[in-house]
Protein chains: 2
Amino acid sequence: MQQGRTGPLRPTLEAVAELAGVSRATVSRVVNGGVGVRASLRERVQHAVEELGYVPNQAARTLVTRRNDAVAVVIAEPESRVFSDPFFAQQLRGISKELSSADSQLVLLLVEDTGDYQRVGRYLAGGHVDGALIFSLHQDDPLPAMARKVGMVTVFGGRPGWVGAESDHDLVYVDTDNRGGARLAVEHLVSLGRKRIATITGPLDQTSGVDRLDGYRDVLPYGDPALVAEGDFTQEGGGRAMAELLARRPDLDAVFAASDLMASAALRVLREHGRRVPEDVAVVGFDDQESVAAWTDPPLTTVRQDIEDMGRLMARLLLRRLAQEGSEVARPGSPTSVITPVRLVVRASA
Amino acid sequence: MQQGRTGPLRPTLEAVAELAGVSRATVSRVVNGGVGVRASLRERVQHAVEELGYVPNQAARTLVTRRNDAVAVVIAEPESRVFSDPFFAQQLRGISKELSSADSQLVLLLVEDTGDYQRVGRYLAGGHVDGALIFSLHQDDPLPAMARKVGMVTVFGGRPGWVGAESDHDLVYVDTDNRGGARLAVEHLVSLGRKRIATITGPLDQTSGVDRLDGYRDVLPYGDPALVAEGDFTQEGGGRAMAELLARRPDLDAVFAASDLMASAALRVLREHGRRVPEDVAVVGFDDQESVAAWTDPPLTTVRQDIEDMGRLMARLLLRRLAQEGSEVARPGSPTSVITPVRLVVRASA
């Protein structure tokens, strides 16, 4: 179990015990200072430690639990996006509060583009942090493999997209009920009597984008594909997608945008095209971002997820994993992934 | 060895030398400035560098001692402020670009409040970063002393406020011409014939706040103290100060706000009090923040400082200090502090 969690490259306490021909408890005592262990046994353990390249810090954690009192946060987006999308600020706020109250330092590793990931991997491997929170993963993102390779205890924000992620119990993530939320949004539009409901999706190389599109399709399984346009969670992408949809289907009477930023851009484009919201076109967003949804004109009907709370939860799960990592005995109640609930907030746009 | 440290994906100095058909020493000389290398050789090396996508800083590393290839950024403000004031995003953008192109990791250490500084000090002392950029210092801030105590090479954003800072040649900072900029703003208001010119200051425990107030007083040495209200660079503080000024001197006909965020709040409060801008009250800001100044109603006349460039400059000075730190011989041209110029951008508000 320890094996699985820390990656195959890391020798375990058990392996050291086996090679030295002693009990796990003896190894543990030796790497924690060797008090009360006969010199000959101590030497045998030390040889085995060296031979296997066992990293004693893992053991140190058994007593101290956390070595650096620091946690890395890696957002798989360019720095400019991290600072322009209030989603990340809100999630970081939750993480910062939680880590701060545990006296653990939040170390935000910023990148310009994917070319910088090698460097981030080196930093994670360098022993500067105890664990990592990684979010906004895209398909084929090398970050999770890097974190696993260096044995980094990790909690993900958003369900990782690789095959088997959902059934991997060693994988811990916090996600929102993306699919259920999208269903709520589209069902609301249907209940208003809208007939030609379009959607602006998130990036389809992210599970949040795919899941929200799945929710839309759950409600409208036979919808016209021309009513689906791919966005990227940014205002620019949302505005572009809205213009595309209007060109393809000028008769559309509703839009579900998979984020509030994209919805706010859609409102602007609709206004530029002389459409009244909600009279001509009803609009629903996703996020209920405090700095966006209530301030658009008209204020946005949207799917609320508690973003700050998701940040807190990620941090809390990671701190618990780190505490368990240090314990010798398996404990009941290992942290598992959490899907947080959503609800529809009805304002004026739909 | 270089190989091991940088990973197999990175082209090496050797590869460049081989492709260019020159020695390693020649490549090294070219990527470090090219002094004393024939133009034809220089060109061959440069072609090889481009073809292989060689990053010259790798070479600098062979000469220079930097262990972590990571730089800490500490902003002496709560995390919530860091993410709500676009000033910090812009400065971080410049820093991020510069560090990224030098393949150094930007490590942003976030804090909730001053109670977290001890922990930041521990992290800086822990050998996790090569140097630090510290900005938005307040008076009596313990961060500089902490950084000094652990021997951290540091560049400051904004002139530190303690006595002797200006003449301390070991102290390197990047600042904007705060006092000169404030003079430009107030002189502009005087040139428009305004007689009762108020100011909303920045926090007076920061040199940027004090210097901008000094610039205002340079132009209006005998001004009414009732025309001065202290703000804190935030919208809330700016709005509060504007309301105070209107209560004290309802006859005021101009306001110099020491930041664009405060100026935008002042515009809102003036509108709420039935004052037309600029007819009744002319308003000038400070920053020319891209996401603020051009988007207010009316667009803001303001003092432009190049915030992103200041970030770049801070990072560049730090990298140069780190390079010198590693060299055996003292070099001429040690980095010294830089004051960046400002200019007035006239839009509609004054």
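Modeller: Helices and strands here are DSSP runs (H or I of at least four residues for helices, E of at least two for strands), numbered from the N terminus, and the expected span of a helix is 1.5 Å times one less than its number of residues. The model is predicted, so local features need pLDDT of at least 70 and side-chain atom pairs count only at pLDDT 80 or more, while totals for chains, interfaces and linings use all residues. Residues are numbered from 1 along each chain as its sequence is written, chains are lettered from A in the order in which they are written, and side-chain values use heavy atoms, leaving out hydrogens and water.

Colleague: How many residues has helix 11 of chain A, and what does helix 11 pack against?

Modeller: Helix 11 of chain A (residues 207-219) has 13 residues, and from its first C-alpha to its last it reaches 19 Å, close to the 18 Å expected. Several of its residues are buried (under 20% relative accessible area, with exposed meaning over 50% and partly exposed in between, for a 1.4 Å probe and protein chains only), among them Leu213(A) and Tyr216(A). The buried residues of this helix pack against elements of chain A including helix 10 (178-191) and strand 9 (282-287), where contact means heavy atoms within 4.5 Å.

Colleague: What is a salt bridge, and which residue does Asp168(B) meet in one?

Modeller: Side chains of opposite charge can pair when their charged atoms come close. A salt bridge is a side-chain nitrogen of Lys or Arg within 4 Å of a carboxyl oxygen of Asp or Glu. Asp168(B) meets Arg148(B) in this way, at 3.6 Å from N to O. Asp168(B) lies in the loop between strand 4 (153-157) and strand 5 (173-176) of chain B, and Arg148(B) in helix 9 (residues 143-149), so the pair ties together parts that are 20 residues apart in sequence.

Colleague: Are Arg81(B) and Asp85(B) buried or exposed?

Modeller: Both are buried, and they form a salt bridge whose closest N and O atoms are 3.0 Å apart.

Colleague: What area do chain B and chain A bury between them?

Modeller: The size of an interface is often given as the accessible area lost when the parts come together. Buried area is the accessible area (1.4 Å probe) that two parts lose on being put together, summed over both. Chain B and chain A bury about 2,800 Å², 50% of it on carbon and sulfur atoms. Phe83(B), Gln105(B) and Arg119(B) supply 24% of the area that chain B buries against chain A, more than any other three residues. Four salt bridges are counted between these chains, and Asp103(B) forms a salt bridge with Arg119(A) at 3.3 Å between the closest N and O atoms.
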